Amino acid sequence: MKHFNVIGLSIALIDDGNLSVVEGFGLTEVGGTNSVNLNTILNACSISKFATAMLALELVGRGTLELDQDVNDKLISWNVPENIHTQSKKVTLRNLLSHHSGFIDTEGSYSEYNSADGIPTMVDILIGKTSFSPEPLKVKNEPGSVFQYSDSGYCIIQQLMEDASGKPFKALMREMIFEPLLMKNSTLEHTIPDRDCSCFACGHNKEGILVEGKYPIYPYPAAAGLWSTPTDLAYLAIEMIHSLNGCGKLGISQILINEMITPQDGSPWAGLGVFLDHSDRKLEVTSLGWGIGFQSMLIVHPHIGKGAIVMTNTDLGVHQSKGLIGELINSLS
């Protein structure tokens with residue numbers, strides 16, 4: 001940690017489909033006195049997409065959504081604009097989850113929240129009325145044809161869930177994921193309450209210097225709004241492992257979990273809300289979080305019940321595999 005200027009680090013290990021080790025190291029804020037512990041909440045950034053995918057599969061299992069249905073059949077507040085790219089193929093939930101929807105994020109879009117801009121509605125983001133996505137969303141490739149990592153796609157998923165269920169996304173996540181899995185230290189709120197600041201880690205840059213605002217917020221929760229702990233994320237990963245064996249708490253079927261960890265649309269690395277690697281003949285499922293002041297990695301071998309979640313409150317400016325997180329994961333491997 002000293003070598004990489006990492007201020008705080010938290011890790012959870014999964015063995016035989018159960019939580020086996022939880023450790024915290026360092027501080028929640030440089031120069032402070034609060035140590036990182038198993039209850040310290042860190043910014044999970046895009047690991048939010050893994051949680052969103054699990055929620056989506058639960059809604060599919062309940063019949064609220066369908067993986068291969070035109071999303072415009074369920075969208076009410078906004079619709080995917082029809083154009084030349086959607087003439088023969090329509091955008092589906094499967095496309096959105098696997099980043100094959102044809103939506104391409106505008107350069108510089110989906111930045112952190114600035115209080116001067118106010119909290120946007122998801123429809124405002126989709127129609128291009130905010131700095132987070134300054135252009136109206138439109139399909140730029142035929143759905144299913146090209147992998148393009150997209151926060152836009154997960155914003156659409158959020159609106160799709162709300163329109164189809166009639167409930168706010170945060171309520172769905174709380175009722176269907178956080179509460180049944182006992183993820184007590186996970187939140188999608190836009191603000192960090194002053195009374196709870198000691199429970200949250202602050203973000204730092206690669207020099208170990210506190211980032212502006214301390215707690216970067218991304219007001220598009222399905223794509224990047226999750227604050228959590230390695231323990232809570234381990235519970236989510238364990239649910240995937242158990243569901244694969246037909247004994248999950250959420251009732252997601254083995255068929256749907258197998259869909260999640262099956263390569264999509266000809267891209268061997270792309271699952272539904274996760275990334276895949278078949279090296280050494282062992283399926284490896286990963287989800288990465290990277291934002292201002294924070295980096296994290298979730299890695300699971302679902303067929304053998306092993307995994308690790310590493311979260312830091314420091315952005316090293318290089319891919320997770322090139323820094324401390326990568327060294328830890330390699331040592332575990």
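**Reading a predicted model: contacts and burial**

Biologist: Which residues does Pro 302 touch, once residues up to four places away in sequence are not counted?

Modeller: In this model, which is predicted, Pro 302 touches Met 240, Ile 241, Leu 244, Ile 261, Leu 283 and Val 285, leaving aside residues up to four places away in sequence. Each of these counts as a contact because heavy atoms lie within 4.5 Å.

Biologist: Where is Pro 302 placed, and why is it called buried?

Modeller: Pro 302 sits in the loop between β7 and β8. Its relative accessible area is 3%, and buried means under 20%, so Pro 302 is buried.

Biologist: What separates Pro 302 from Glu 284, in sequence and in space?

Modeller: The two residues are 18 residues apart in sequence, and their C-alpha atoms are 7.4 Å apart in space.

Biologist: Why is Ser 267 called buried, and which residues does it touch?

Modeller: Ser 267 is found in the loop between α8 (254-260) and β5 (275-277). With a relative accessible area of 5%, against a limit of under 20%, Ser 267 is therefore buried. Not counting residues up to four places away in sequence, Ser 267 touches His 100 and Phe 147. By contrast, the C-alpha atoms of Ser 267 and Thr 33, which are 234 residues apart along the chain, are separated by 46 Å.

Biologist: What is said of the phi angles of Asn 5 and His 99?

Modeller: Phi of Asn 5 is near 60 degrees, a positive value in a residue other than glycine, and His 99 likewise has a positive phi, of about 65 degrees, although it is not a glycine. Asn 5 is in the segment before β1 (8-15), whereas His 99 lies in the loop between α2 (93-97) and α3 (122-126).

Biologist: Why does Asn 5 count as partly exposed, and what makes His 99 buried?

Modeller: The relative accessibility of Asn 5 is 33%, which falls between the 20% limit for buried and the 50% limit for exposed, so Asn 5 counts as partly exposed. The relative accessible area of His 99 is 5%, and with buried set at under 20%, His 99 is therefore buried.

Biologist: How many disulfides does the structure hold, and why is Cys 155 in no disulfide?

Modeller: The structure holds zero disulfides. For Cys 155, the nearest cysteine sulfur is that of Cys 45, 14 Å away, and a disulfide needs two cysteine sulfur atoms within 2.5 Å, so Cys 155 is in no disulfide. Cys 155 is buried, at a relative accessible area of 1%, while Cys 199, at 35% relative accessibility, counts as partly exposed.

Biologist: Which residues of helix α9 are buried, and what covers them?

Modeller: In helix α9 (residues 324-332), the buried residues are Leu 324, Ile 325, Gly 326 and Ile 329. Their cover includes β1, β7 (294-301) and β8 (306-312).

Methods: Residues are numbered from 1 along each chain as its sequence is written. This is a predicted model: local features need pLDDT of at least 70, side-chain atom pairs count only at pLDDT 80 or more; totals for chains, interfaces and linings use all residues. Side-chain values use heavy atoms; hydrogens and water are left out. Helices (H or I, at least four residues) and strands (E, at least two) are DSSP runs, numbered from the N terminus. Buried means under 20% relative accessible area, exposed over 50%, partly exposed in between (1.4 Å probe, protein chains only).
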